Amino acid sequence: MHFIYLEDYKKHPDAKINLALLWEYDLSDFDFQQMRNVVVQRVIERGWPNDWWAALNMYGEKGVKEAIKVIPYLNDKDMNFVSRAFNIPFSKMKCYEKKKTQAGQGDF
């Protein structure tokens with residue numbers, strides 16, 4: 001990872017995901033492992049450092065990167081951030097490929 005505040009996640013093992021990020025789900029039986037991609041997308045879009053640390057502790061760097069690659073939509077700012085933070089080429093991200101196809105171009 002290329003961002004210091006994200007790299008410090010192991011120093012925050014007690015960090016928790018802000019459940020308000022998952023407002024429309026019934027959290028009484030929410031499976032954080034099965035819903036990894038949704039959780040990671042919400043953290044990218046609306047999360048604070050504590051949410052990032054919690055997601056990285058829960059899924060590991062590899063798990064977060066795999067989720068990022070398959071998320072169907074991110075806005076341009078968030079897409080650029082995670083591409084740089086996790087060293088993921090745009091071409092490996094579903095959200096980029098989808099935008100490129102819809103826009104008919106690849107410039108972001």
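Asp 8 and Lys 11 form a salt bridge, with 3.9 Å between the closest N and O atoms. A salt bridge here is a side-chain nitrogen of Lys or Arg within 4 Å of a carboxyl oxygen of Asp or Glu. The model is predicted: local features need pLDDT of at least 70, side-chain atom pairs count only at pLDDT 80 or more, and totals for chains, interfaces and linings use all residues. Residues are numbered from 1 along each chain as its sequence is written, and side-chain values use heavy atoms, with hydrogens and water left out.

Side chains of opposite charge can pair when their charged atoms come close. Over the whole structure, the search returns four salt bridges.

Asp 8 is partly exposed at 26%, whereas Lys 11 is exposed at 63%. Glu 45 has a relative accessibility of 27% and is partly exposed; Arg 46, at 43%, is also partly exposed. Glu 66 is partly exposed at 33%, and Lys 69 is partly exposed at 27%.

Helices (H or I, at least four residues) and strands (E, at least two) are DSSP runs, numbered from the N terminus. Glu 66 and Lys 69 both belong to helix α3 (residues 49-70), and because they are three residues apart there, about one helical turn separates them.

Helix α2 spans residues 36-46, and its buried residues include Val 39, Val 40, Gln 41, Arg 42, Val 43 and Ile 44. Helices α3 and α4 are among the elements covering these buried residues, where contact means heavy atoms within 4.5 Å. Arg 42 also lies over the face of Trp 23, at 4.5 Å from the ring centre. For such a charge-over-ring placement, NZ of Lys or CZ of Arg must be within 6 Å of the ring centre and within 35 degrees of the ring normal.

A pair of aromatic rings is described by the distance of the centres and the angle of the planes. Rings of Phe, Tyr and Trp (its six-membered ring) pair if their centres lie within 6.5 Å; planes under 30 degrees apart count as stacked, over 60 as edge-to-face and the rest as tilted. The count of aromatic pairs by this rule is five. One of them joins Tyr 25 and Phe 30 edge-to-face, with centres 5.5 Å apart and 65° between the planes. Tyr 25 is partly exposed at 28%, while Phe 30 is buried at 12%. Phe 90 and Tyr 96 are stacked, because their ring centres are 5.1 Å apart and their planes meet at 20°. Phe 90 is partly exposed at 22%, and Tyr 96 is buried at 9%. One aromatic cluster is made up of Tyr 25, Phe 30 and Phe 32.

The last item concerns the backbone. Most residues other than glycine have a negative phi, and most peptide bonds are trans. Asn 87 is not a glycine, yet its phi is positive, at about 55°. Asn 87 sits in the loop between α4 (76-85) and α5 (94-103) and is exposed, with 55% relative accessibility.

Note on methods
Buried means under 20% relative accessible area, exposed over 50%, partly exposed in between (1.4 Å probe, protein chains only).
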